[in-house]
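Please examine the sequence and the structure shown below.

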Amino acid sequence: MLSGLNLEQKAAVEHFGQPLLLLAGAGSGKTKVLTHKIGYLIREKSIKPHRILAITFTKKAAQEMADRVERMLAIKPRSISTFHSFCVRVLREDIAALGRKFDTKFIIYDQTDSKKALKDILKRFNISPKELDAVQKTISKAKQAYRGGIVEYILALPFPQNQYAEAANTYQRELEQSNALDYDDLIHHTTHLFVTRPEVRGKWQDRYDFFMVDEFQDTNEIQYSLIKLLSARNRDNIFVVGDPFQTIYTWRGAVPENILKFGREFNATEMRLEKNYRSTRKILDVANIVIGKVDRIWADKVLTLRTDKEEEGEVEYCKAAEHDEENRRIAKKIMELASTKTRSYADMAVLIRMSFLSRGLESSFMQYGIPYEIVRGLAFYERAEVKDLLCYLRLMSNTRDRAAFDRVVNTPSRGIGKKAVEVITGNFKTDWIQALQDAGFSARQRVSANALISLIMKYGAMVEEKPYTVLMGLIQGLNYLEYVKEQYKEDHEERIENISELCNVLLSIETKGKTFSEFMEDNLLASDQDRISMGESVKIMTVHAAKGLEWPIVFLPALEEGIFPSERSLESGAALEEERRLFYVACTRAKEGLYLSSAGYRMKFGRTSQMLPSRYIGEIKESYFSFGSDSSSSHL
């Protein structure tokens, strides 16, 4: 269990009997320490694998840890998961203890479902639809804070957020009515269970002997509370790993100060990993220079990355005249690197600060015939035809699902208009089948409603175990392919191919014996990283999405004031600190080559604007004299 570890890694693995905070720099082998720690606990401390709970933030990271442990011990670990996946596990067992309308067949609303529900609610409260994002963020903030009730928390906020309290209350009631939870609910309800139901809390505390948390700098208030509650009976057996200088998610609730709080509240031993195994010396020099200028409150936590790699690697910067030239230079450099036998397109990534920058890159890559993939979100499962069919299956699985019902009730058209839907909604008591049955319809509408009821009831009992079989019957029963051909004349062939792919996915799920609910959870709780293909292509993604990943070659374009750092961050010292950390994360994704660039001019709202190089370029050039000049044609 200790072979192949350096002295610092070995000390962290062997540490036992007191809480441990491990500050692990980028590329310092923290995943190796985590997996060897699990192996050490099992082999040397005789802790059973299922009694070690290891939590991280992405399915990709959890799967990598599980795979390494399995290769090392020939044991399949069952308790390595994300925060959200762990909470789903708790709620599938114990949600009834909340004493509300939820049952263990609850469904999870994605962002689209949540926004649709909130949009309808805002109309009732005469709140402008322009405030939808603000309302959603306020509700999320209230759930993450976990201080009293959600409504009470919002009421205590300043104007205008406090006006959203009643809308939030209605939203929560509708989630209960639909037997649905949104992302924040998963952790919020689990924490509430542990706080209010000692018997449930005790059951889960007794289930584990050792606790491990990865990426601790990304935890928010409620995640910290959850870990504290879970580990209360085994406070000495907790190990957290983090790096405050990779905190780039404060905008969605991360609290980097949790690292400081953990050290104080748990009286934790602190260890450090500063030897980097990923990047060459030049790349680390750049990263260390930029992060060395962080706020003084973190001064004693700064990790100075070092490496034994003798090769210097490449760090280059060019300032192009304008943005199109910058994109062309990047494309030409990629072509040049890919023409060698030692480099492939898959070895390279372009990390952008803002999504709009992808358009110019796409144009240049297409011009030069460079294969690329833009990594973003749930594209496949957000497509209308895929969402339609999945909502049918969701309604069959959970007949209380409001979002699914709203989507399918008149898709394909059944002649059930908005007024009829309002009547049905007013009749809701137990589920949507009952509401449909009780609604007063015209003769034609009654025929349509009965057909929908029959379809849901026909497949409801089998959808969980046989999702592919149900989907095929549904497509035929709805004559859905003909509907797609009529509805989407211009691109119906592509949409039918998407439906075919959904059938393939559900066939695989059914063959493996996984349930429809498990399939939905896997997709809803996945992150952008979990969807990155391994194909032979250059990856284009935001820096946020790239955290935890690495490539031999990384390009960082548009390093200009107002883009990186962002214009909004220039108004706040805390936001500027986060931008600095984000740049540090971006640089440390590169293993051998880091290509930085900016443009002198960029189009904004149809006008040409002069751009200044990012302050980070100036800081690097001040200290790093071999960095190169702006105008050298040899760069990029």
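The following text treats single helices and then pairs of helices in a predicted model.

**Helix α2**

Helix α2 consists of 14 residues. From its first C-alpha to its last, α2 reaches 20 Å, close to the 20 Å expected at 1.5 Å a residue. Is α2 mostly covered or mostly uncovered? Helix α2 is mostly covered, for 12 of its 14 residues are buried. The buried residues include K30, T31 and V33, and Y40, L41 and I42 also belong to this group.

**Helix α3**

Helix α3 comprises the 15 residues 59-73. The buried residues A62, M65, A66, V69 and L73 lie in α3. Because these residues cover an arc of only 95° around the axis, they are on the same side of α3. What do the buried residues of α3 pack against? Their partners are α2 (30-43), β2 (52-56) and β3 (80-82). Just after α3, residue A74 takes a positive phi of about 60°.

| Pair | Residues | Axis distance | Angle |
|---|---|---|---|
| α5 and α6 | 111-124 and 132-145 | within 10 Å | roughly 110° |
| α14 and α15 | 323-338 and 358-368 | 9 Å | about 45° |

The axes of α5 and α6 cross at roughly 110°. Angles of 65 to 115 degrees count as roughly perpendicular, and therefore α5 and α6 are roughly perpendicular to each other. The contact is made on the α5 side by Q111, S114, K115, L118, K119 and L122. On the α6 side, L132, D133, V135, Q136 and I139 take part. The crossing in which α5 passes α6 is right-handed.

Helices α14 and α15 pack at an angle of about 45°, which makes α14 oblique to α15. Helix α14 passes α15 in a right-handed crossing. Which residues of α14 meet α15? They are N327, R328, I330, A331, K332, I334 and M335. In α15, the residues that they meet are G360, L361, S364, F365 and Y368.

Methods. Residues are numbered from 1 along each chain as its sequence is written. This is a predicted model: local features need pLDDT of at least 70, side-chain atom pairs count only at pLDDT 80 or more; totals for chains, interfaces and linings use all residues. Side-chain values use heavy atoms; hydrogens and water are left out. Helices (H or I, at least four residues) and strands (E, at least two) are DSSP runs, numbered from the N terminus. The expected span of a helix is 1.5 Å times one less than its number of residues. Buried means under 20% relative accessible area, exposed over 50%, partly exposed in between (1.4 Å probe, protein chains only). The arc is that of the directions from the helix axis to the C-beta atoms. Contact means heavy atoms within 4.5 Å. Axes are lines fitted to C-alpha atoms, for helices over the stretch in contact, and angles run from 0 to 180 degrees between N-to-C directions. Angles under 35 degrees count as roughly parallel, over 145 as roughly antiparallel, 65 to 115 as roughly perpendicular and the rest as oblique. A crossing is left-handed if the near helix is turned anticlockwise from the far one by less than a right angle, and right-handed if clockwise.
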